[in-house]
Amino acid sequence: MYLLTFSPSGLDPCLKENHAVILDEPRRSFNWAMEEGDKAICDDDLKPGWYRFHSAAGDIVPTGCPPPGNCGTSYPVWHRGQTPSPTEGIVNSMACAHIGDDCCKVQLPILLKNCSQYLVYFLQPTPTCHMAYCAGYMVPCPRGLVSNTGFTPCQCE
């Protein structure tokens with residue numbers, strides 16, 4: 001039902017030269033709630049292709065529905081499916097955007113591959129701004145507390 005209508009290259013997306021890394025964007029965390037004045041992350045200009053997330057917040061697109069306003073964006077995009085095992089190869093799946101009361105108001109086809117040490121995702125741009133892919137689950141340190149990563153466990157400044 002939700003197979004991708006485009007064909008990614010036949011190259012192995014696990015090889016570092018065949019995917020881009022979205023690096024150090026901890027605001028994409030499932031548990032990062034936007035605050036007044038924060039600029040929302042937008043993935044509407046993302047080029048279709050293979051991506052890997054790498055941040056202190058975590059590297060995997062969450063498989064649960066985050067609240068609107070989390071993941072550093074107004075409409076967080078999450079993975080509605082299971083994480084494949086390293087032996088499964090490339091898997092067709094679905095990403096969903098949480099808008100209003102609907103956890104899957106917008107559906108985006110994605111591909112995933114488990115590269116043993118990390119996951120790669122074939123992503124496409126979101127249909128609008130203020131919509132972005134989530135990555136990671138780590139909880140940011142509350143104000144007045146710090147850590148080496150900015151995420152729990154935290155200690156007093």
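Predicted model: local features only at pLDDT ≥ 70, side-chain atom pairs only at ≥ 80, totals over all residues.
**Entry 1**

Phe30 has a relative accessibility of 17% and counts as buried, because the cut-off for buried is under 20%. I then looked up the aromatic pairs and found a count of three. One of them joins Phe30 to Tyr137, with 5.5 Å from centre to centre and 35° between the planes, which makes the pair tilted. I noted where the two residues sit: Phe30 is in the loop between β1 (20-23) and β2 (49-54), and Tyr137 is in the loop between β7 (131-133) and β8 (145-146). They are 107 residues apart, so I record the pair as a link between distant parts of the chain. Tyr137 is partly exposed, at 38% relative accessible area.

**Entry 2: a charge over a ring**

I checked Arg52 next. Its charged end sits over the ring of Tyr118, at 3.9 Å from the ring centre.

**Entry 3: the annotated domain**

I looked up the UniProt record, an unreviewed entry. It carries the annotation "domain: UMOD/GP2/OIT3-like D8C" for residues 61-135. Over that range I read 47% strand and 0% helix.

**Entry 4: disulfides**

I found a count of five disulfides, and I followed up three of them, as listed below.

Cys14 and Cys115 are joined with their sulfur atoms 1.9 Å apart. I read -85° about the S-S bond, a left-handed link. Cys14 lies in the segment before β1, while Cys115 lies in the loop between β5 (102-114) and β6 (119-123), so the bond ties together parts that are 101 residues apart in sequence. Both ends came out buried: Cys14 has a relative accessible area of 15%, and Cys115 has a relative accessibility of 14%.

Cys65 is joined to Cys103, with 1.9 Å from S to S. This disulfide is left-handed because the torsion about its S-S bond is about -100°. I placed Cys65 in the loop between β2 and β3 (75-79) and Cys103 in strand β5, 38 residues apart. Cys65 is partly exposed at 23%, and Cys103 is partly exposed at 28%.

Cys71 and Cys134 form a disulfide with sulfur atoms 2.1 Å apart. Its S-S torsion is about 100°, so I noted this one as right-handed. Cys71 is in the loop between β2 and β3 and Cys134 is in the loop between β7 and β8, so the pair ties together parts 63 residues apart in sequence. Cys71 and Cys134 are both buried.

Definitions and conventions:
Residues numbered from 1 in each chain as written. Heavy atoms only, no water. Phe/Tyr/Trp six-rings, centres within 6.5 Å; stacked < 30°, edge-to-face > 60°. Helix = DSSP H or I, 4+ residues; strand = E, 2+ residues; numbered from the N terminus. Buried < 20%, exposed > 50% of the residue type's maximum accessible area, 1.4 Å probe, protein only. Lys NZ or Arg CZ within 6 Å of the ring centre and 35° of its normal. UniProt positions renumbered as here; feature names shortened; annotations may be inferred. Disulfide = S-S within 2.5 Å.
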